[in-house]
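Trainee: I have a model open on my screen and would like to learn how to read it. Could you walk me through a few features?

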Amino acid sequence: CGNKRCPNCFLLDTNAGPVTLTITNCHVSIFGTAHGVSTLGHMVFTNVGLGVGTVTDGHGRYLVARTGMAGSSVDCDCFNLFGTGYLSCDQTASPVHFTNPSASFSRSDRCMGVSATTTLDLARA
């Protein structure tokens with residue numbers, strides 16, 4: 001995230017083709033590192049395009065259906081197991097999410113737009 005705190009919301013723009021977002025070290029946070037505790041992170045991934053979106057932690061893979069379909073928004077929690085961050089995702093919490101695919105977002109407390117296959121290492125955020 002460019003040495004900035006990553007948001008907990010990601011918009012996958014799959015209109016130009018499939019997008020895979022790999023999240024590594026999701027269990028690492030500035031608070032947890034400073035205080036030596038584990039934290040449970042929550043993230044939301046929404047497909048705002050008509051193609052296939054995928055979210056992975058390098059171990060599990062979750063399909064994010066095209067916009068307007070059931071499963072187009074996926075809620076995930078990150079947990080720490082023996083020093084490795086894993087995503088646990090659920091598409092039933094917010095199964096359909098409509099949004100404007102042409103919306104422009106910058107890195108902030110809002111959602112981060114992802115329009116190409118990307119890997120984010122949250123330990124470096």
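Trainee: Let's begin with contacts. Which residues does Thr54 touch, not counting residues up to four places away in sequence?

Mentor: Keep in mind that this is a predicted model. Leaving aside residues up to four places away in sequence, Thr54 touches Leu12, Val19, Thr20, Leu21, Arg61 and Tyr62. Thr54 itself is found in strand 4, residues 53-56.

Trainee: Is Thr54 buried or exposed?

Mentor: Buried means under 20% relative accessible area. Thr54 counts as buried because its relative accessibility is 11%.

Trainee: Now the strands. What holds the strands of a sheet together?

Mentor: Strands of a sheet pair through backbone hydrogen bonds, and the pairing is either parallel or antiparallel. Here, strand 4 pairs with strand 2 (residues 19-24) in the parallel sense, over four bridges. Take Leu21 as an example: Val55 in strand 4 stands opposite Leu21.

Trainee: Which order do the strands have in the open sheet of four strands?

Mentor: The order is 5-4-2-9, and the pairing is mixed. At the edges you will find strand 5 (61-64) and strand 9 (118-121), each pairing on one side only. From one strand to the next, the twist averages 20°.

Trainee: And how do I read the open sheet of five strands?

Mentor: Read it the same way, starting with the order. This open sheet runs 7-6-3-1-8, with mixed pairing. Strand 7 and strand 8 (112-114) each have a single partner strand, so one side of each is left without a neighbour in the sheet. On average, neighbouring strands of this sheet are turned by 30° against each other, direction ignored.

Trainee: Where does Leu12 find its bridge partner in strand 3?

Mentor: Look at Asn47, which is the bridge partner of Leu12 in strand 3. Strand 1 (residues 9-12) and strand 3 (residues 41-47) run parallel and are joined by four bridges.

Trainee: Why does Phe82 count as exposed?

Mentor: The cut-off for exposed is over 50% relative accessible area. Phe82 counts as exposed because its relative accessible area is 81%.

Key: Residues numbered from 1 in each chain as written. Predicted model: local features only at pLDDT ≥ 70, side-chain atom pairs only at ≥ 80, totals over all residues. Heavy atoms only, no water. Helix = DSSP H or I, 4+ residues; strand = E, 2+ residues; numbered from the N terminus. Buried < 20%, exposed > 50% of the residue type's maximum accessible area, 1.4 Å probe, protein only. Contact = heavy atoms within 4.5 Å. Pairing = 2+ DSSP bridges. Axes fitted to C-alpha atoms, helices over the stretch in contact; angles between N-to-C directions.
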